Amino acid sequence: MPLSTLTPQPLWQWFSQLCAIPHPSKHEEAIAQHIVDWATNKGLSVTRDKIGNVIIKKDATPGYEDRKGVVMQAHLDMVPQKNNDTDHDFLTDPIKPYIDGDWVTAEGTTLGADNGIGLCAILAVFGDDTIEHGPLEALLTVDEEAGMTGAFGLESGYLDGEILLNTDSEDEGEVYMGCAGGVDANATFALETEAAPADHTALSIVIEGLKGGHSGVDIHLGRGNANKVLTRVLFELADKYQVRLASIEGGSLRNALPREAVAEVLVPTNNVTDFKADVATLTETFKQELAAVEPDLAIFVDPGEESDTVLALDLQRRLLAALYSIPHGVFRMSDEIEGVVETSNNLGVIKTRGNKIHVQCLIRSLMDSRRIDAQNTIGSIFSLAGASVEFTGAYPGWKPDTSSQIMGVVRDTYNELFGEIPKIMVIHAGLECGLFKDAYPHWDMVSYGPTIRFPHSPDEKVLIDTVERFWQLTLAILKNIPKK
């Protein structure tokens, strides 16, 4: 059954188009141009700002001219993640969505419901002249997932609205009025090598089967981190069996929990049998520790790639000590908001490139002071291990405004529609709202969306009936926007 048979049809028809046009982070030009061409053909006012964000404007429907102006906002990009056995090029191949019971998911890749459902809801609103609304604008930002480039680059003067509706939340029934800030920690080890020892056997240690997920939304679930699992294997067995590390790779995005990692190693041939036995023992230990959350965890020791060089022993020990020491997961829960993570870190990426080994973490916190404290902790560990450390892309959190008028509108509208009060929440993830305050400090903002599970992983899926509720809520909010 095609997605276009689902309701609301205009939204799902747009989502089918979106899936057909590759749009991973930093490669949104094709979808941006598609939207610009569509808006132009429809006679809407459409422009691109200096950074590449798409801005569309639509006049109020008759009788709604006196309402406050609304900016509907979503990001254009999606996180590109796939299973190892999936043959997919995110730059050229379409996403293949399908209906799986009550959910829509994709074949072996991320779906892009984050933030594609919100994006398509906005486009469906702008394409329907029967929907009642005041002055309306769309802000469709670029590169949210990889660096919030569009939000960082947004300048004043392009938009006139007073209210911002962010559609990038992932739990229907929850309305967000605040979010965490974050910063990337980038550590670099100079690659020092020496000749590979004789009488060694090349092996690959492969970590697979972890669920992965969003490094903010899912960080509290206690899921395994492939980088940490691999590091633990190497740390515990390297000296015991004189294992030499030739290369190490793990994770692919700093904002996704690492699902897979691999190390190429050389093990003295006479130690191989015992080494494999100890890896098997550790595997069972990990499976017991993570039984409730990672039932498919697998660790393989396969024939490896022969290498003429290995990491210098001092570098190997410093690298493994640093990776072992870097904390991953929840640092602290919020004291003010029950059940919400305050501060966390994701050890997201390890990669060997040229003459460098790069390690990337994403630190998040609801409090800038706590973020800086975590930053200092992680920076100190890397510095002690002899790595250079750079912190980039810092973005502020979105501080809750308890007097928000639009929050009241959304809460009351939800109650009128569905007979219950939505949960008013703060999310431990990076929304663009905090950055928008630089260019538009007067904006009254709220974030909401349908239920999306396991974003940033190939298990990503969106609950179909919540998309309908999200759509109904959106139309009702637009109708209930207060007067100027």
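Predicted model: local features only at pLDDT ≥ 70, side-chain atom pairs only at ≥ 80, totals over all residues.
Which residue just after α9 takes a positive phi? That's Gly386, at about 85 degrees.

**View 1**
Helix α9 covers residues 368-384. At 1.5 Å a residue, its 17 residues should span 24 Å, and the end C-alpha atoms are 24 Å apart, so the two agree. Look for Arg371, Ala374, Gln375, Ile378, Gly379, Ile381 and Phe382, which are the buried residues of α9. They take up an arc of only 160 degrees around the axis, which means they sit on the same side of α9. Just after the helix comes Gly386 with its positive phi.

**View 1. The buried face of helix α1.**
Helix α1 runs over residues 9-20. Its 12 residues should span 16 Å at 1.5 Å a residue; the end C-alpha atoms are 17 Å apart, which agrees. Leu11, Trp12, Trp14, Phe15, Leu18 and Cys19 are the ones to find here, as they are buried. Seen down the axis, the buried residues fall within an arc of 155 degrees, so they line one face of α1. What lies over them? The cover includes the helices α2, α3 (113-127) and α12 (464-480), along with the strands β4, β5 and β23.

**View 2. Aromatic pairs that involve α1.**
The structure holds nine aromatic pairs. One of them is Trp12 with Phe15, an edge-to-face pair with 5.9 Å centre to centre and 90 degrees between the planes. Why are these two separated by about one helical turn? Because Trp12 and Phe15 are three residues apart in α1. An α-helix has 3.6 residues a turn, so residues three or four places apart point the same way. Trp12 is buried, with a relative accessible area of 0%, and Phe15 is buried too, also at 0%. Trp14 and Trp38 make another edge-to-face pair, 5.0 Å centre to centre and with 90 degrees between the planes. Trp14 belongs to α1 and Trp38 to helix α2 (residues 29-41), so this pair ties together parts that are 24 residues apart in sequence. Trp14 itself is buried, with a relative accessible area of 8%.

**View 4**
Strands β4 (residues 97-100) and β5 (residues 103-106) run antiparallel and are joined by four bridges. Pro97 stands opposite Ala106 in β5. Two residues lie between the strands of this hairpin, where Gly101 takes a positive phi near 65 degrees. On to β23 (residues 461-463): three bridges join this strand to β5, and the two run antiparallel. Here Trp103 stands opposite Leu463 in β23.

Which residue puts its charged end over the ring of Trp103? Lys461 does, 4.4 Å from the ring centre. For a second case, turn to Arg469, which lies over the face of Phe418 at 4.0 Å from the ring centre. Elsewhere, Phe436, Tyr440 and Trp443 are linked by ring pairs into a cluster.

Key. Residues numbered from 1 in each chain as written. Heavy atoms only, no water. Phe/Tyr/Trp six-rings, centres within 6.5 Å; stacked < 30°, edge-to-face > 60°. Buried < 20%, exposed > 50% of the residue type's maximum accessible area, 1.4 Å probe, protein only. Lys NZ or Arg CZ within 6 Å of the ring centre and 35° of its normal. Expected span 1.5 Å × (residues − 1). Arc of directions from axis to C-beta. Pairing = 2+ DSSP bridges. Contact = heavy atoms within 4.5 Å.
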